Amino acid sequence: MDTERSYAERIKDDYGKDISRLAEYIPYFTNLKLSDAEQEYDGKFGRSSLSFNVYDPELLRFMGEAAESCLMDSNYLYAYRRAGITTPEQEMNAVKNAEIKDIDTLKGILSRYVLEGRYRSGRWGEAVERGVFLNVLIRLKELLDFSTVR
């Protein structure tokens, strides 16, 4: 019981502000479609021989805020290994079934998509399409709400 309480206090004290701030994006991600979040550059500002994606400004704002939050873990692969996550299905099950003690797993999943999206084209779009950002934010908010009730 003391261990659960310490996890609850950790979430509230260490991550509460950042979770609350990022949770404000839940309505945005709830209605977001991949076609609204990511489009291929149309050449409007000059031709390019390279193909690259252009992202919705609100999605970019979220990426900036998430990257600056204390929820980022540059060693996110360790969180995946520790949780035994090797497939997208296992990833989503880990989010859905996360408990207070699994905050590091949720941080790892969020970090993977935010950080990898900076250099892997389409990673942010994949997270939008699969609902990764939405589901992680909802679960983090639920855990924060649970920890503040205790």
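A: With a definition. A nonpolar core is a set of buried Ala, Val, Leu, Ile, Met, Phe, Trp, Tyr and Cys residues joined through side-chain atoms within 4.5 Å. Buried means under 20% relative accessible area, exposed over 50%, partly exposed in between (1.4 Å probe, protein chains only). In soluble globular proteins, nonpolar side chains tend to be buried together.

Here, the largest nonpolar core has 44 residues. Phe29, Leu59, Phe62, Ile109, Leu110, Val114 and Phe133 have the most contacts inside it.

Q: What should I know about the model and its numbering?

A: This is a predicted model: local features need pLDDT of at least 70, side-chain atom pairs count only at pLDDT 80 or more, and totals for chains, interfaces and linings use all residues. Residues are numbered from 1 along each chain as its sequence is written, and side-chain values use heavy atoms, with hydrogens and water left out.

Q: Which elements give two or more residues to this core?

A: Helices first: helices (H or I, at least four residues) and strands (E, at least two) are DSSP runs, numbered from the N terminus. The contributors are α1 (2–23), α2 (26–31), α4 (57–68), α5 (76–83), α6, α7, α8 and α9 (132–149). The largest share, eight residues, comes from α9.

Q: How many salt bridges does a search of the whole structure find?

A: The criterion is a side-chain nitrogen of Lys or Arg within 4 Å of a carboxyl oxygen of Asp or Glu. The search finds 15. One of them pairs arginine 112 with glutamate 91, the closest N and O atoms being 3.3 Å apart. Arginine 112 lies in helix α7 (residues 103–116) and glutamate 91 in helix α6 (residues 88–96), so the pair ties together parts that are 21 residues apart in sequence.

Q: Is glutamate 91 buried or exposed?

A: Glutamate 91 is buried, at 1% relative accessible area. Next, take glutamate 116 and arginine 120, which meet in a salt bridge (3.4 Å, N to O). Glutamate 116 is buried at 7%; arginine 120 is partly exposed at 40%.

Q: Which residues are linked in a network of salt bridges?

A: Glu91, Arg112, Glu116, Arg120, Arg123, Glu126 and Arg130. Arg123 is among the buried residues of helix α8 (residues 123–130), with Trp124, Gly125, Ala127 and Val128. Just after α8, glycine 131 takes a positive phi of about 75°.
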